[in-house]
Amino acid sequence: MDRLSTKENVTKVKKSKVTKVENSASKSVTQFSNHALEQAAKRGIPKSLAEKALQKGQKYIDHKNGSIVHILRDSLKSGQSLGVAKDPSSGVVKTIMKMKNFNPEGTLLKGTNKLRYELIQ
């Protein structure tokens, strides 16, 4: 099964803090936090799409949360973008989110004139 959206899958991962998912095509291992798996399940986002965002999505620094966010624009059936946030030091996926009207150039940190998201070249 490709989806992380079953209660069975979420129940299994609650026993540990991090779950490793191996991508046989790229021979890489992605670690997902319980929170990330729960959010993916809640939002009906397939594991394969989250992994695609990590591989092909544009990378941004999220100055608010200290994460690297991989954005796969307009990738969801709703027309929304998919965001997969990783901890830059551990590489663990922290959360998976649907992003409506993602506009990195227009999102400022509260009380500053600094952009929340900064594109990583």
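Colleague: Is Tyr 60 buried or exposed, and what is its relative accessible area?

Modeller: The model is a predicted one. A residue counts as buried under 20% relative accessible area. Tyr 60 is therefore buried, its relative accessible area being 3%.

Colleague: How many aromatic pairs does a search of the whole structure find, and which ring pairs with that of Tyr 60?

Modeller: The search of the whole structure finds two aromatic pairs. In one of them the ring centres are 5.3 Å apart and the planes stand at 75°, so the pair is edge-to-face; the partner of Tyr 60 is Phe 102.

Colleague: How many residues apart are Tyr 60 and Phe 102?

Modeller: Tyr 60 belongs to strand S3, whereas Phe 102 lies in the loop between strand S6 (93-99) and S7. This pair thus links distant parts of the chain, and the separation is 42 residues.

Colleague: Which residues do the ring pairs link into a cluster?

Modeller: Phe 102 is buried, with a relative accessible area of 12%. The rings of Phe 102 and Tyr 117 have centres 5.1 Å apart and planes at 70°, so this pair is also edge-to-face. Ring pairs therefore join three residues into a cluster: Tyr 60, Phe 102 and Tyr 117.

Colleague: Which residue in S7 is the bridge partner of Asp 62?

Modeller: S3 and strand S7 (residues 117-119) run antiparallel and are joined by three bridges. Within S7, the bridge partner of Asp 62 is Tyr 117.

Colleague: Which residue in the turn between S3 and S4 has a positive phi?

Modeller: Strand S3 (residues 58-62) pairs with strand S4 (residues 67-72) in the antiparallel sense over five bridges. The two form a hairpin with four residues between them, and the turn residue with a positive phi, about 70°, is Gly 66.

Conventions:
Residues are numbered from 1 along each chain as its sequence is written. This is a predicted model: local features need pLDDT of at least 70, side-chain atom pairs count only at pLDDT 80 or more; totals for chains, interfaces and linings use all residues. Side-chain values use heavy atoms; hydrogens and water are left out. Two strands pair if DSSP finds at least two bridges between them. Rings of Phe, Tyr and Trp (its six-membered ring) pair if their centres lie within 6.5 Å; planes under 30 degrees apart count as stacked, over 60 as edge-to-face and the rest as tilted. Buried means under 20% relative accessible area, exposed over 50%, partly exposed in between (1.4 Å probe, protein chains only).
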